[in-house]
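Here is a short briefing to read alongside the sequence and the 3D view. It starts with the helical spans and then turns to the aromatic side chains.

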Amino acid sequence: MSFEIIDNGIQIGLFLLFALFSLIQGLHMQNRRFLILAGTYASFSMGTLYYLLYLVIMGKVPQVFYVSEMAWMASYLFLLALCLMETRRYRGKLDVLVLGLTIVEAAMVIGWKILGPSYPFTVTFALVTACIFYYALLGYRMEKRMLMVAMVLVIVWQLLLYIVSVFTTGYTHFNLYFAVDFLLMATMCSLFFWLKKEECK
Amino acid sequence: MSCLENILVCIGVPFLLALLFVKGKQREYISFILCGMVMCLLASYVTSFFMAVYGANTLVTAVEITPVCEEVLKFLPFLLWLFIFEPEEEDIVMAAILIAVGFATFENICYLTENGAANFNFLFLRGIAAGAMHLCGGIASGLGLAFVFQRSWLRLIGIAGIMGFCVVFHGIYNLLVTAGGSWQRCGYLFPILCITVIFFARQLMKKHTI
């Protein structure tokens, strides 16, 4: 079996499980942050599920409309909502170093045409990830919160994943692409634990 | 060629007539169902347009183009109503469900006119599965938007996020159903399972609230 199928299968199962954990935690604690996090996990896993099913059934990747990319974008939009909720107290603050790094990050997203060849889609993704990156990094600089570190790392791994994919020729065996993907999965799952730690304080 | 607009006239006129004799909430509810039907017709036109633009075959259209067009068009009247009337949370969920029901009903009617009504077992399964799929999307968008509309800064992000979720849910169903064989059976089971889980979760939450 191709390692791509195994990797995507693990991702779907893991994120669906964490979506369930977040949903239960959110309902139990009556906390909207966990419900938004559940949206992040659920959208990501559904996007991967669509991609994997398309790959298995059709034997190729989607060519016309990017349904799975829409789901992944939805996942990052939920993450952005969570980030904005968590960083409300620093809103409007300007940090030149953080801003510089954010511009580099957004330029890389647009330059590498991450999330498809469509420019409007790439630019939207760049804006969304830039917002998460800026506020999360600002949050870390202000209060040294691990939740913010995890958010920054999610963006970094996602960026790296696309860059590595450009140089990856085969997906049948374990390689650097899958190593980065596992890092992304682990970091995304850690969001739940960091949020739980902060909310239970 | 099936003249979908003629079918809509035939199905929609009784609803329009009923609108003259009902008031308040009932009028709103009938309007939502009718709106769902109109959006289904528009979705079929928009889908055909993109199909021609991209030169896609019926399989690719069903799997990649239809979910996007249908979910976006289902969202539009709902969003317009939300922005204009700023309704209560309960009404938002009800409106989303009714638009989805109207959409699913008209879609099934069109399916019947094209494929006939001889095979009861298949039609029964399709009725439940397609209905459950649209209903799941309706419930997700209703609950989601009721949640995000409470905060103005969350609206845009929330709307886009929920729409993406609904599109991929619809996409997975269409992909499985068009694949045939055991994938198709999984496709029919997928929304039925989801709607069952939602139903029991709702019952459980009601119990806890009481």
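Residues 6–27 of chain A are 100% helix and 0% strand, with the end C-alpha atoms 32 Å apart. Please keep in mind that this is a predicted model.

**Annotated spans**
- An unreviewed UniProt entry lists "transmembrane region" for several stretches of chain A, including residues 6–27 and 147–168.
- Over residues 147–168 of chain A, the end C-alpha atoms lie 31 Å apart, and the chain there is 95% helix and 0% strand.

**Aromatic pairs**
- Over all chains, the structure holds 32 aromatic pairs.
- One of them is edge-to-face: the ring centres of A:F3 and A:F174 are 5.5 Å apart, with the planes at 80°.
- This pair links distant parts of chain A, 171 residues apart: A:F3 is in helix 1 (residues 3–29), while A:F174 is in the loop between helix 6 (146–167) and helix 7 (176–199).
- A:F3 counts as buried, at 18% relative accessibility.
- The A:Y51 and A:W72 rings form a tilted pair, because their planes are at 50°, with centres 5.8 Å apart.
- A:Y51 belongs to helix 2 (residues 32–58) of chain A and A:W72 to helix 3 (residues 67–86), so the pair ties together parts 21 residues apart in sequence.
- Both partners are buried: A:Y51 has a relative accessible area of 19%, and A:W72 has 12%.
- A:Y51 and A:W72 also belong to one aromatic cluster, whose members include A:F15, A:Y41, A:Y76 and A:F193.

**Charges over rings**
- In chain A, the charged end of A:K144 sits over the A:Y140 ring, 4.9 Å from its centre.
- In chain B, B:R126 lies over the face of B:Y111, 4.1 Å from the ring centre.

Key: Residues numbered from 1 in each chain as written. Chains lettered and ligands numbered in written order. Predicted model: local features only at pLDDT ≥ 70, side-chain atom pairs only at ≥ 80, totals over all residues. Heavy atoms only, no water. UniProt positions renumbered as here; feature names shortened; annotations may be inferred. Helix = DSSP H or I, 4+ residues; strand = E, 2+ residues; numbered from the N terminus. Phe/Tyr/Trp six-rings, centres within 6.5 Å; stacked < 30°, edge-to-face > 60°. Buried < 20%, exposed > 50% of the residue type's maximum accessible area, 1.4 Å probe, protein only. Lys NZ or Arg CZ within 6 Å of the ring centre and 35° of its normal.
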